[in-house]
Amino acid sequence: MERPEAYRRFVTWLDDQVTVAGRGDDLFALDTSPAGRFWLGRVAPETETAQGMKRERRMDPCAVGMRVRPTSVGPWSFNVRVKAAAWNCVDSKDDHWAKTERIDVTVPVEARPNAEAERFGTDAISNALAAAGANGLMAQVRVTDDSWRGAPELVIELVNITPETARARGERHLFEVEIEVTGLETAPFILESLPDSFRYDRRMPALGINCGVEVTTADALRTTDTLVVERRRPEYTFEGTSPDRLDLTFRGLAADSVSRVAELIEAYRRWGEVHWSNQRLEERQGAEAWNPEMFEEARAAAEDHLEELSRLRRGLDALQRDVQLLRAFSLMNLAMDKASHGAYDRWRPFQLGFILSVLPSFSDAGSDWDFVETVWFATGGGKTETYLGLLVLTAFYDRLRGKVTGISAWSRFPLRMLSLQQTQRFADALAAAELVRRKEKVKGAPISLGYFVGAGATPNEIPKAPTDSNPIDVDDDDMPERYRILSVCPFCQSKQVVTKFHRGNWTLRHICVADECPMEGDPLPIYIVDQEIYRFLPTVVIGTLDKASLIAMQANMRGFVEGPSGRCTEQMHGYTYAKRSSRPNGCLVPDCQAAVEPISTNDRKQFAPSFRLQDELHLLRDSLGAVDSHYEALLDFLQLELTGTRPKIIASSATLTGYERQVDVLYQREGRVFPVPGPSAGESFWSRETDNLLRRFVAVWPRGVTLEWVSDRTTTILQQSVRRLLEDPEVVCAEVGVPSLYAPELLDLYGTNVIYGNTVRDVEAARRSLGTQVPVEPLNVVALTGQAAFDEVREALDRLQNPEPDFTERIHTVTASSMMSHGVDINRLNIMTVLGVPLTTAEFIQATARVGRSHPGLVYVIHKIGRERDATVYSHFGPFIHQGDRFVEPIPVTRSSRRVLQLTTPAAIESRRLFIHEPKSPAQRLTTVDLLRKYFAITGIGSEGEALACAVALGIDETQHMAFADIQQQLNAYFMRLEDHGFGARFPNELFDQGRKPMRSLRDVEAQIPVSDD
Ligand SMILES: [Zn+2]
Ligand SMILES: [Zn+2]
């Protein structure tokens, strides 16, 4: 048996264990109330729920059933087969319970047109229950004709009608309830009103009522207790792109880029000729019952395909025209080959396609340059490598075209932290690029990486002596180790990487001490202290989006929009910036008094970054998006003003919904997406679904008990099941139906569950209750949330990746928040419990993509069924999972919020002071209110002119009257305080309204402020 099949069986088996436990199938006696224990298959008495609100009725429903569309008009005759069991209290003092036999009654139904809750089988079902030993329990089948505009529609339910007075000592719930409708011919429901519907299968055989519905092999419709939806694993090369047809190896492309790229494009053209042809679309129109609008949508999509084809061709043209680009492309492929360390040796077609689509921007910095290029691909598709390829390409191209130093690209992630795995991948790629650069004798500074994160993870600066705000102690021998971000040397793959602080040149560096390392003991070209990033301006800077706030606080950020002011003549001191009293020569090394070589205005321009990258664009929404839109404008403005260029922007996004508007709001540019979607949801040129299981999603509606209870029970059953596998591999493997030789790997791949909460509070609660409510010993739990300390996260990820040999010592459960929904890529994580549907569909997609990355995954989505959104998702769980990207909500984002403008205007004022005015001022110093006042007096700059400039810097134009007036007002007040000698401000950043200063983080907006276009 092949592995994928064995794993699929194991996942199915695990899920069966949980479902059986949720219903109580295998239990016949209990010493606790069954109503407090089981969460599936139960049906509450109607009398108990009738008084409740709709919301409460949902929590413990009194009916299950389905809505169907008969193919003929009434009357309708069919059968409803009813199964149910009951629990009797046999000893109320000691709480002993016994289960009855499960009844199996077939109720013939003759439903009339216009039937309104017509009742069937009351006696038969109630008698059967009594005969099974459950005296007093009663239930009936109810049928309602809900036909609408001549389209027949029936509601068929089983209702528990046990009276309140019955069974004073027994349990009035029914358990293990299931109904099956046979003998009724039905048509599927069609999900209406979704865009580009021609791509998707919109049919649903029936709609469940408080449950799921499946079609049995005998064509009956049967209720299910959970909704199971399976997704298939995609493949990226097939038919025309299979490796024997197309050589997309790094080496092949390095050797002969042009002809191999041309072959890829030709394959794309040929594929489109078949799949997007009129003939094919017409065939599908007939076979899939498209209406004329759907056909037109498909025709338009075919045009998009042609447009993309021509973009790829222009990429090829650029390679053929521009020798430097061709060389950079070839070197990049050599570097990617090295960086992969044999794990893979080629591009996936879509990865290469995206890089091709960006190439025209490199060589003709015309209109292409201004487009924001967004790569959109299913998570796990290899987006990071695509990014890395582009970054390495940029590093080489910059060096070949004469930009030999400075930042080439600044890559931002919207979270507070960056995963170490992600960081390692960046480091590996850039180290490989550096080795290629040396070997091929490409001029310029070594290709290097900056890790620009801060916020406790890495230092902003190393102080001479610890202070309250910066307790880092250079005399503490353990200090460097706390900031180690690499576990493996990116140059030689040894694990002998250490961090050391060098007092002489004041650097905190990663050093590889392995003998065979090509770095020969020199510090690795990786910078993790903010100040060192300013001093050495690494080729690629990766970090958190938050760091953009520094542009309004830190004169040393100049290298992010232009270049530094000079270079210290002392070895390894690096670039210098504005002079301050604490650093009179502008060198950032404490107490340095060496001479500084100035950098001319013209040379400074060479430093301008070529790219800004934004990962997870869809997360830039609400207040974060509104604030960022102003900071993006500010960065663009400064670079344009100082160097005459703007960087190109590349983004990735999990959703296409409304990206044009989002890109327009954030960057004031037009956006383009690659790739355009294929002709059907399951297949495009770039990928298609295989038969292998990717993830099994299970929607759980916790009936009558709390979500926490269900989560704890689920964890308990999953852990008990894998522990049975550990103790009794032969027996369990036989039960599962897989050869027992697979036992160790199954234990390895399914022994750890992730519990994902949408809020820190949910995660904390889950963690606490694991300790008391999950009777499994030992149960090792770690938390991966934004609150966890950096080195704890590092250790946890390392343990997850390289588990202890002994199962009992491993991590068994990970409680996690959205912090782990990005960049955590661990093949051993294959089971997840999601506590409530996340607020956005994008988060759901991202979070659940953390499991099942290489092997079949199992995802429980426990619905907070009292919430409307969760109830809605449950009602169309199948389409939600299969067509998730279409359920992604358009992203709410605006750039004209006046509340936000109030917070960002100080940033415009301060960054203009630091980067525009100060370098022009007589002593190149505008650090005090006095100096600033004099400067404005000499230059004649007043509030009106400065307000206009700030508005431009923030991307606000005069047509946005209110916003524009707000900026003017802030500047008026600012200049009034500046002129007012009695105001008492000493430093310019004390001149703002209400003592406000530029934001320290882009998230400084109070969480609750509503952000709107006002
Ligand atoms: Zn090394
Ligand atoms: Zn110096």
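Visitor: Where is Glu520 found?

Guide: This is a predicted model. In it, Glu520 sits in the loop between β22 and β23 (526-527). Its phi is positive, about 50 degrees, although Glu520 is not a glycine.

Visitor: Is Glu520 buried or exposed?

Guide: The label follows from relative accessible area, where over 50% counts as exposed. Glu520 has 69%, so Glu520 is exposed.

Visitor: Which label does Gln493 get?

Guide: Gln493 has a relative accessibility of 33%, and therefore counts as partly exposed. Gln493 also has a positive phi, about 65 degrees, and is not a glycine. The place to look for Gln493 is the loop between α13 and β21.

Visitor: Which residues coordinate the zinc ion (ligand 2)?

Guide: The zinc ion (ligand 2) is held by Cys568 (SG), His573 (ND1), Cys587 (SG) and Cys592 (SG), at 2.1 to 2.3 Å. The spacing of these donor residues in sequence is C-x4-H-x13-C-x4-C. Here the four donor atoms subtend angles of 103 to 118 degrees, which makes this arrangement tetrahedral. Both Cys587 and Cys592 are buried.

Visitor: How do β21 and β22 pair?

Guide: For paired strands, check the direction, the partners and the turn. β21 and β22 are antiparallel, with six bridges. Thr499 stands opposite His510 in β22. The two strands form a hairpin with four residues between them, and Trp506 in the turn has a positive phi of about 55 degrees. The faces of β21 can be read too: Val497, Thr499 and Phe501 make up the covered face, and Val498, Lys500 and His502 the uncovered one.

Visitor: Which residues of helix α17 are buried?

Guide: An α-helix has 3.6 residues a turn, so residues three or four places apart point the same way. In α17 (residues 659-667), the buried residues are Tyr659, Gln662, Val663, Val665, Leu666 and Tyr667. They cover an arc of only 165 degrees around the axis, so they lie on the same side of α17. Their packing partners include β18 (372-376), β19 (409-413) and α16 (622-643). After α17 comes Gln668, with a positive phi near 55 degrees.

Visitor: Where is the cis peptide bond that has omega near 0 degrees?

Guide: For a cis bond, name the two residues and then the omega angle. The bond from Gly74 to Pro75 is cis, with omega near 0 degrees. Pro75 is in the loop between β2 (63-70) and β3 (76-85). Another cis peptide bond joins Phe674 and Pro675, with omega about -10 degrees. Pro675 lies in the loop between β30 and β31 (688-700).

Technical notes
Residues numbered from 1 in each chain as written. Chains lettered and ligands numbered in written order. Predicted model: local features only at pLDDT ≥ 70, side-chain atom pairs only at ≥ 80, totals over all residues. Heavy atoms only, no water. Donors = N, O, S within 2.8 Å, 3.2 Å for Na, K, Ca; no water. Tetrahedral: all angles 85-135°; square planar, octahedral: opposite > 155°, others 65-115°. Buried < 20%, exposed > 50% of the residue type's maximum accessible area, 1.4 Å probe, protein only. Arc of directions from axis to C-beta. Contact = heavy atoms within 4.5 Å. Pairing = 2+ DSSP bridges.
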